[in-house]
Amino acid sequence: MTLCCSETRHLSSAARMPEITTDHLDEKQVQLLAEMCILIDENDIKIGADTKKNCHLNSNIDKGLLHRAFSVFIFNHEEKLLLQQRSDAKITFPGCFTNTCCSHPLHTDSELEEKDAIGVRRAAQRRLKAELGIPMDQVTPDEMTYLTRIHYKAQSDGVWGEHEIDYILFMQKDVELSPDPNEIKSHCYVSKEELREMLDKGKRKELEITPWFSLIAETFLFQWWDNLQNLKQFMDHDNIHRM
């Protein structure tokens, strides 16, 4: 069931029962659960704010709670894609391989700004520094190409999940890396052929891959990858791809 704007904005604490304990989770990751995400409706219209914790509880997702997110894809000069393996400390999809960086713009003035998705691109710059240690002057918002948006929903386990409208950001640049082990277990650059092999392993359950990355890879990624020097033809800011 999808809630209307007013219902979502005022979703009561009683509607979020039962209360979920986080005592067994990583302390640093639990602290991040207090960050305020941007609540949106299915057309990506801002309708309020709520904690990262509440946005990622399946009990709320089942009631229609939806938030804004982004996925960054960074390619080096060899046109290889930088992947990360999420740390085992992560609350959703721990240990899974995924694209370069996936996170959320926060409900702050700078990251709420919507013109040309500048707020989302600022958030991406912030998280690339926090997760991968990339100096912020190497990943400026104006170097990121905003392609399109996807809307997807996925459960991580019985308690936690994702329900996002995800902005897809591309960038080609050689960057310096110093990953935070609390965020990232491993990282690697892959060619198209190597990624296809990983995706095949994922289908055989030999490798864990995040659902949003699998969806993007199975639909758009390789066509975009073939045209890194001509991405403007794929920029679609009017539509949201429901996946």
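Colleague: Before we start, which pLDDT cut-offs apply here?
Modeller: This is a predicted model, with residues numbered from 1 along each chain as its sequence is written, and side-chain values use heavy atoms, leaving out hydrogens and water. Totals for chains, interfaces and linings use all residues, while local features need pLDDT of at least 70 and side-chain atom pairs count only at pLDDT 80 or more.

Colleague: Okay, helices. How do α7 and α8 run relative to each other?
Modeller: Two packed helices are described by the angle between their axes and the distance between the axes. Helices here are DSSP runs (H or I, at least four residues; strands are E, at least two), numbered from the N terminus, and axes are lines fitted to C-alpha atoms, for helices over the stretch in contact, with angles from 0 to 180 degrees between N-to-C directions. For α7 (residues 192–203) and α8 (residues 211–225) the angle is about 160° and the axes are 12 Å apart. Angles under 35 degrees count as roughly parallel, over 145 as roughly antiparallel, 65 to 115 as roughly perpendicular and the rest as oblique, so α7 and α8 are roughly antiparallel.

Colleague: Which residues of α7 and α8 make the contact, and how do they split by class?
Modeller: Contact means heavy atoms within 4.5 Å. From α7 you get K192, L195, R196, L199 and K203, and from α8 F213, A217, E218, L221, F222 and W225. Ala, Val, Leu, Ile, Met, Phe, Trp, Tyr, Cys and Pro count as nonpolar, Asp, Glu, Lys and Arg as charged, and the others, Gly among them, as polar. The tally for this contact is seven nonpolar, no polar and four charged residues.

Colleague: Now E111. Is its side chain buried or exposed, and which side chain does it make a polar contact with?
Modeller: E111 is found in helix α5 (residues 109–112). Buried means under 20% relative accessible area, exposed over 50%, partly exposed in between (1.4 Å probe, protein chains only), so E111 at 6% is buried. A polar contact is a pair of N or O atoms within 3.5 Å; within protein, one must be able to donate a hydrogen and the other to accept it, and residues adjacent in sequence count only if both atoms are side-chain atoms. At 2.7 Å, the partner side chain is R126.

Colleague: And E183, which side chains does it make polar contacts with?
Modeller: E183 is found in the loop between β8 and β9, and with 2% relative accessibility it counts as buried. Beyond four places in sequence, E183 is in contact with residues including L32, Q84, S87 and K90. Its side chain has polar contacts of 3.3 Å with Q29 and 3.3 Å with R127.

Colleague: What backbone oxygen does the side chain of H56 reach?
Modeller: H56 is found in the loop between α3 (52–55) and α4 (58–61), and 3% relative accessibility makes it buried. Among the residues it contacts beyond four places in sequence are H67, H104, W160 and E164. At 2.7 Å, the side chain reaches the backbone oxygen of K52.

Colleague: What is phi for D44, and what is it for D116?
Modeller: Most residues other than glycine have a negative phi, and most peptide bonds are trans. D44 is found in the loop between β1 (36–40) and β2 (46–51) and is buried at 5% relative accessibility, while D116 is found in the loop between α5 and α6 (118–132). Both have a positive phi without being glycine: near 65° for D44 and about 55° for D116.

Colleague: How far apart are the C-alpha atoms of L177 and P135?
Modeller: L177 lies in the loop between β8 (161–172) and β9 (184–190) and counts as partly exposed at 28% relative accessibility. Outside four places in sequence, it is in contact with L82, L132, I134, H187 and Y189. L177 and P135 are 42 residues apart along the chain, and their C-alpha atoms are separated by 8.2 Å.

Colleague: Last one: what separates the C-alpha atoms of V30 and K53?
Modeller: V30 is in helix α2 (residues 27–32), and its relative accessible area of 24% makes it partly exposed. Beyond four places in sequence, V30 is in contact with T22, L25 and I91. V30 and K53 are 23 residues apart along the chain, with a C-alpha separation of 8.4 Å.
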